[in-house]
Amino acid sequence: MASTKEIRSKIKSVQNTRKITKAMEMVAASKMRRAQERMRAARPYSEKIRIIASHLANANPEYRPVYMAEREVKAAGVIVVSTDKGLCGGLNTNVFRVLTNQIREFKEKNISTQFTAIGSKGFQFLNRAKAKILSQSVHLGDTPHMDILIGAITAQLEAFERGEVDAVYLAYTRFVNTMKQEPVLEKLLPLSGDELAQDANGKAGWDYIYEPDAESILNGLLKRYIEALIYQAVAENMASEQSARMVAMKAASDNAKNVIGELQLTYNKTRQAAITKELSEIVGGAAAV
């Protein structure tokens with residue numbers, strides 16, 4: 001049995017750990033509110049550009065954008081959105097599990113893959129898996145900035161335009177609520193006219209006059225649309241990260257409190273046993289005399 005001094009040392013250590021996890025829980029709660037506000041603030045732009053893109057898909061223009069060109073998939077690009085820091089429960093692990101299953105399917109179909117890592121944890125995971133990393137963007141901070149993301153995103157878009165990849169997928173964690181975040185792997189390119197048409201709410205008959213020409217306008221608009229989707233995914237992932245971290249740190253604080261209670265009980269029992277032993281030795285010595 002451990003001595004009372006060792007138990008006191010353990011109690012002190014767990015108490016210090018609980019102070020840290022409690023502070024991290026409060027910080028994550030504060031950041032979570034701001035991350036949710038940024039995520040919701042980005043939604044109107046994403047929804048509006050989605051509606052315009054859906055109208056263009058129904059307009060049947062004389063030019064078919066390169067981002068809507070369907071072709072046989074022999075190579076695929078995957079944009080992986082993860083966190084820069086840990087201590088957020090199984091948030092990254094869940095996304096990586098979905099991603100691993102998809103990579104296995106690609107290998108079975110002899111489809112080569114190349115990746116874009118957004119976030120340090122995703123970059124480290126792809127490095128360990130010895131995957132081909134086309135581009136990366138790490139150390140994003142607490143606020144997503146398009147000027148930081150644009151370089152990594154453009155590398156995948158240009159690879160699709162050149163025909164080096166035939167499809168681009170996006171893996172991230174969608175924010176549902178504070179207690180629930182779900183991993184998502186969705187097809188980003190080529191854009192499906194049918195999927196875009198669903199956002200038009202059944203409206204048809206849209207027609208546009210393009211200036212200077214349909215090619216430059218449509219390519220530019222659809223590129224902004226894709227960038228908006230990725231930015232929204234990063235904002236959703238950041239909101240999910242702070243929510244998951246707050247929940248994980250609260251669970252850690254609660255567990256530390258339980259451990260402290262158990263150690264305190266053990267300390268009291270050990271101390272009582274030592275006192276009883278000393279009394280027994282005194283009584284036994286007195287009786288012997």
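This is a predicted model: local features need pLDDT of at least 70, side-chain atom pairs count only at pLDDT 80 or more; totals for chains, interfaces and linings use all residues.
- Five strands make up an open sheet with mixed pairing, in the order β3-β2-β1-β4-β5.
- The edges are taken by β3 (133–137) and β5 (180–189); each has a single partner strand, so one side of each is left without a neighbour in the sheet.
- From one strand to the next, the twist averages 20°.
- Strands of a sheet pair through backbone hydrogen bonds, and they can run parallel or antiparallel.
- Here, β1 (residues 75–81) and β2 (residues 112–118) go the parallel way, over seven bridges.
- Within that pair, A75 stands opposite S112 in β2.

**The helix on the sheet**
- Helix α6 (residues 214–288) packs on the sheet and touches β1, β2, β4 (167–177) and β5.
- The direction of α6 makes about 40° with that of β4.

- As background, most residues other than glycine have a negative phi, and most peptide bonds are trans.
- L87, in the loop between β1 and α2 (91–108), has a positive phi, near 55°.
- L87 is exposed, at a relative accessible area of 53%.
- N110 also has a positive phi, near 60°, and is found in the loop between α2 and β2.
- N110 is exposed too, with a relative accessible area of 68%.

Note on methods: Residues are numbered from 1 along each chain as its sequence is written. Side-chain values use heavy atoms; hydrogens and water are left out. Two strands pair if DSSP finds at least two bridges between them. Helices (H or I, at least four residues) and strands (E, at least two) are DSSP runs, numbered from the N terminus. Axes are lines fitted to C-alpha atoms, for helices over the stretch in contact, and angles run from 0 to 180 degrees between N-to-C directions. Contact means heavy atoms within 4.5 Å. Buried means under 20% relative accessible area, exposed over 50%, partly exposed in between (1.4 Å probe, protein chains only).
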